[in-house]
Amino acid sequence: MKKLLSILGAITLVGAVTPNVISCHNKKAVNNDNTGTVKDLEVLNEIQAKATKKITEKLKTKMYVDSLKNNLGKIFTKVNDTNQTYRLKLTSGDDSQLGAYFINDFKNVFDNVNHDLQNEYSNYFTDKMPLTLDDDRNEINVTFIDVTALKKKFPVDINPEPFAAVRVDYKASIHLEFKNLFLSFELATIYNVTENATALKAISDNTTAFLLKNVKEYFAKLETVNFSENEIFKSLYDKGIWDFSQSSNELNETLKNSFKEYLGSKKEFKDIEITYNAVDLMTKSAEGDLNSKNKGYDGITNNYKQKDLTLSKWIGPKTDGWEDIGAISTNDFVKFYRNNIGTAFMGDNSTDLSLGSFTINWNYINIYGMGLSGNVKSTDGEDLIVTLNLSQAAVDKKLSNWGKIIITFIKYYGGKTINGPKNIFGITDQLYKEISRKNQKNGLRDVTKLLVENFRESDDAKDLEDLDLFNFIVHPQTPQKYQGITINRRLFWDSLGEKPWAVLFTFGEDFNTGLYYSIASTDGKYTGRPADGIVFGVELKTNKK
């Protein structure tokens, strides 16, 4: 049976999403084993991104559907100004016939893209298609569009006879299988179905122009953003949410909340019916400087680097019984991290880091039920590009806070061996007993958790800035209940096991969007002498106070 894959760099949707097609975020990846996982995940993510982009590119011109030409007249009977939403029952009667149009329209595009991908990755897909459409999970919702209100609020030069219109939201579930990896994701498409497509497009253009006129001040402030100071995004900087290479969910939710609040404060929108779709407001147009490979070191990827990045490389070797960590400062940590661990932070300290560039999608908004299309434009008529910049001074401030916490943590659990590949923390007799019980129950995962909890409650930690962003964790790819070895009251994990493991200091509210530094790990393939392998463990302090 395939198991849920827990791994650094969870699969996310990274393709550019155009006006009426949305990549949804409920997806999962599973695999049968960890062999080649990291590289295979990259390929899987690449295929999925290409599939998303190709499908959206082909569907972006299909937003307006003429009901007369496509025999969809009965769809207007499903909703009205009193009962404004309806979910088509795709297994019976008129609903099935109506739904078939949208399913077939999507499927034609889907099949073309599927063949393109099979040809592009023919070495992998010799006798099967990369993508599978789950026909049992199609979902089509119909929403009433108040054409009368739209015409009154956003009049157009043409004066057509009364006509009907509805918005159709079609959501498809897609499966992608690559080697032993399996990915499930959703794509949603918005259609405006109408008896007069020309008139509705004209109304939509006027609506968008009205919106832009009344929100341009808001978006003008977003063209170039100082991430650590901007009133909208500063909270993300403060939380250590900086890396949007895998997911921009937090970024999107932050802007959505701000934008909703702004629209609610404007008198121009007071009497307009505005609803919101569960889609991204921001779409990435250019990658930022940070990603999972260059912002830190996770211990399992490129495991050969671990011996060059151990604690003793920057705090110096410490033998059994040490009491003073010496003149190590936060600057030593910042320098070591920048030059050896987070390679994205190397180089010219006067140049800001880019956290990515993004367009703003109107399809987040519905006006009187009508779905909008296109991107927010700048004053020159081009797509407005939001660029997020993070200053090196802002980076150093957080790295310094993190470094101070790590140094305090090491001091708190000092007294034992930190030398080369050996990383042994000193603990009290009482804590040792608790940790031994935790190890028997849930292994390394609970051991690191208890170390953090005990440290947070200490007097040493109480005044540390950003303590809530600090953690000492087990890499997600470490097996569950991975128990250590006990010899002479030393509980430890070494490189001789057949499974990968890693322990990491992390900074930020989320593992994937924050920073991390592994101090001990193995990829599960070590076959040398035990004395040469990486070791992490805990042992009774010589001084047991």
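1. The model is a predicted one, and the remarks here should be read accordingly. Strand β8 spans residues 165–178 and is mostly covered, with 12 of its 14 residues buried.

2. Strand β9, residues 181–194, runs antiparallel to β8 and is joined to it by 14 bridges. Within this pairing, Tyr 170 has Thr 189 of β9 as its bridge partner. Two residues lie between the strands in the β8 and β9 hairpin, where Lys 179 adopts a positive phi near 55 degrees.

3. Strand β8 also pairs with β7, residues 139–144, in the antiparallel sense and over six bridges.

4. Ile 174 in β8 is the bridge partner of Leu 133.

5. Phe 210 belongs to helix α4, which covers residues 197–220. Is this residue buried, partly exposed or exposed? Phe 210 is partly exposed because its relative accessible area is 21%, whereas buried would require a value under 20%.

6. Beyond its neighbours within four places in sequence, Phe 210 is in contact with Lys 153, Phe 154, Glu 268, Phe 269 and Ile 272. As for Thr 319, which is 109 residues away along the chain, its C-alpha atom is separated from that of Phe 210 by 70 Å.

Definitions and conventions. Residues numbered from 1 in each chain as written. Predicted model: local features only at pLDDT ≥ 70, side-chain atom pairs only at ≥ 80, totals over all residues. Heavy atoms only, no water. Buried < 20%, exposed > 50% of the residue type's maximum accessible area, 1.4 Å probe, protein only. Helix = DSSP H or I, 4+ residues; strand = E, 2+ residues; numbered from the N terminus. Pairing = 2+ DSSP bridges. Contact = heavy atoms within 4.5 Å.
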